[in-house]
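Subject: Structure handover and what turned up in it

Hi,

Here is the structure I promised to pass on to you. Please load it first, and then read my notes below.

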Amino acid sequence: MIITRRAFTTMLSLTGLAAVAGFSPLRLISDAMAQSAGDVAKPVSLPDMALGPKDAAVTITEYASMTCPHCAAFNEQVFPKIKKEYIDTGKVRYIFREFPLDIKAAAGSMLSRCIAKDDGPKYFAVTDMLFRQQNDWVVKNTTETLTRIGKQAGLTQQQVEACLKDQALLDKIAADQKYASDVLKVDSTPTFFINGEKIKGEASFEEFAKKINPLLKS
């Protein structure tokens with residue numbers, strides 16, 4: 001579904017996030033098809049936030065929404081195992097890309113980008129914090145909680161406010177989301193690509209291992 005501008009503006013005023021009124025969730029596309037690894041590998045507007053060596057045999061690309069409970073569960077239960085087994089050992093390069101499904105998710109992604117700048121590990125740390133505190137900032141006072149998280153990470157209140165008003169950053173997130181939707185046929189979160197092969201939904205560590213291990217041997 002597409003949120004109308006009127007409903008969207010009303011929601012923003014209620015959450016205190018009117019600064020990012022330029023964002024509109026995209027129409028979801030069904031009948032997803034597997035894409036080539038080259039299509040997935042291409043960063044569009046924003047630099048990729050990644051962990052692991054660029055020349056790793058396997059690249060995993062995750063598309064997630066910061067307000068998605070399934071994404072948060074994956075981040076807490078599965079990702080640490082993948083990181084320990086494959087990323088920290090140099091076998092896998094892991095890329096995280098934003099696919100915000102609502103305005104609050106867009107705001108969370110913007111905050112992560114502003115805090116981390118071009119620092120991949122810092123970006124993953126902030127994203128982990130946002131996922132773990134998802135219930136606080138999504139369900140309760142969004143702006144107040146995001147401001148607190150931003151301050152904990154070293155930003156001033158003015159810097160947090162400027163971040164959430166950064167239309168250029170928001171436009172880049174939206175452009176990358178449009179590419180993922182139109183070209184890669186991402187229509188839900190989390191969606192993963194392992195060397196270009198799509199996996200939809202919250203998969204277990206064992207499911208990932210079954211995909212990764214043969215690629216490491218080939």
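In which strand is the place of E98? E98 lies in strand β3. Before I go further, this is a predicted model, in which local features need pLDDT of at least 70 and side-chain atom pairs count only at pLDDT 80 or more, while totals for chains, interfaces and linings use all residues. Residues are numbered from 1 along each chain as its sequence is written, and side-chain values use heavy atoms, with hydrogens and water left out.

**The chain as a whole**

The protein chain has 11 helices and 5 strands; these are DSSP runs numbered from the N terminus, with helices being H or I of at least four residues and strands E of at least two. Of its 218 residues, 47% are buried, where buried means under 20% relative accessible area, exposed over 50%, and partly exposed in between (1.4 Å probe, protein chains only). Among contacts between residues at least 6 apart in sequence, 77% join residues at least 24 apart; contact means heavy atoms within 4.5 Å.

**The sheet**

The 5 strands form an open sheet in the order β1-β3-β2-β4-β5, with mixed pairing; two strands pair if DSSP finds at least two bridges between them. Its edge strands are β1 and β5 (197-200), each pairing on one side only. Neighbouring strands are turned by 20° against each other on average, direction ignored (axes are lines fitted to C-alpha atoms, for helices over the stretch in contact, and angles run from 0 to 180 degrees between N-to-C directions).

Strand β2 (residues 58-64) has 6 of its 7 residues buried, so it is largely enclosed by the rest of the structure. It runs parallel to β3 (residues 92-98), with 7 bridges between them: T61 stands opposite I95, and Y63 opposite R97. With β4 (residues 191-194), strand β2 runs antiparallel over 4 bridges, and E62 has F192 as its bridge partner there. On the other pairing of β3, strand β1 (residues 49-51) joins it in the antiparallel sense over 3 bridges, with L51 opposite Y94.

**Strand β3 and E98**

Why is β3 largely enclosed by the rest of the structure? Because 7 of its 7 residues are buried. Side chains in a regular strand alternate between the two faces of the sheet. In β3 both faces are covered, with V92, Y94, F96 and E98 buried on one side and R93, I95 and R97 on the other.

E98 itself has a relative accessible area of 4%. Its side chain makes a polar contact of 2.7 Å with that of R113 and another of 2.7 Å with that of Y123. A polar contact is a pair of N or O atoms within 3.5 Å; within protein, one must be able to donate a hydrogen and the other to accept it, and residues adjacent in sequence count only if both atoms are side-chain atoms. Beyond its neighbours within four places in sequence, E98 is in contact with residues including L46, Y63, S109 and I173.

**The core**

The largest nonpolar core has 43 residues, of which I60, F74, I82, Y94, F124 and F208 touch the most other members. Such a core is a set of buried Ala, Val, Leu, Ile, Met, Phe, Trp, Tyr and Cys residues joined through side-chain atoms within 4.5 Å. Leaving out residues up to four places away in sequence, F74 touches E62, Y94, F192 and F208, among others.

Best wishes
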